[in-house]
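This briefing is meant to be read with the sequence and the coordinates open side by side. Please keep both in view while going through the points.

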Amino acid sequence: MSSLHTAAAHLVTLAEGSEHGGNHESLNPYLTGAGALVALLLLLWITTRFNRDR
């Protein structure tokens with residue numbers, strides 16, 4: 001049980017040590033969101049093309 005507490009303490013220390021809020025400088029949130037939206041819409045379109053029995 002002490003190893004669980006030790007691991008949790010290390011994770012808390014690691015989380016508190018980030019200076020930039022966890023965001024990478026090269027990641028654009030709008031581009032990431034648009035890419036995720038396009039990927040989900042593509043998956044939705046593929047799913048509806050293969051499910052023609054409804």
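The notes below go through the overall make-up, the helices, the annotated region and the surface.

The model is predicted, and its chain has two helices and zero strands. Of the 54 residues in the chain, 0% count as buried.

**Helices**

- Helix α1 covers residues 2–16, and because its 15 residues should span 21 Å at 1.5 Å a residue, the 21 Å between its end C-alpha atoms agrees with that expectation.
- Cover over α1 is hardly present, since the count of buried residues among its 15 residues is zero.
- Helix α2 runs over residues 29–50, and its 22 residues should span 32 Å at 1.5 Å a residue, which agrees with the 32 Å that separates its end C-alpha atoms.
- The N-terminal end of α2 is capped by Asn28, with a side-chain oxygen placed 3.3 Å from the backbone nitrogen of Tyr30.

**Annotated region**

- According to UniProt, in an unreviewed entry, residues 27–46 carry the feature "transmembrane region".
- In the model, this span of residues 27–46 is 90% helix and 0% strand, and its end C-alpha atoms lie 28 Å apart.

**Surface**

- Leu40, Leu42, Leu43, Trp45, Ile46 and Phe50 together make a nonpolar surface patch of about 700 Å².
- Leu42, one of the residues that make this patch, lies in helix α2.
- Is Leu42 buried, partly exposed or exposed? Its relative accessibility is 48%, so Leu42 counts as partly exposed, given that buried means under 20% and exposed means over 50%.

How values were computed. Residues numbered from 1 in each chain as written. Predicted model: local features only at pLDDT ≥ 70, side-chain atom pairs only at ≥ 80, totals over all residues. Heavy atoms only, no water. UniProt positions renumbered as here; feature names shortened; annotations may be inferred. Helix = DSSP H or I, 4+ residues; strand = E, 2+ residues; numbered from the N terminus. Patch = residues over 30% accessible without salt bridge, like charges linked within 9 Å, V, L, I, M, F, W, Y side chains within 5 Å. Areas by Shrake-Rupley, 256 points an atom, 1.4 Å probe, with all protein chains shown as cover. Salt bridge = Lys/Arg side-chain N within 4 Å of Asp/Glu carboxyl O. Buried < 20%, exposed > 50% of the residue type's maximum accessible area, 1.4 Å probe, protein only. Expected span 1.5 Å × (residues − 1). Polar contact = N/O pair within 3.5 Å; in protein donor to acceptor, adjacent residues only side chain to side chain.
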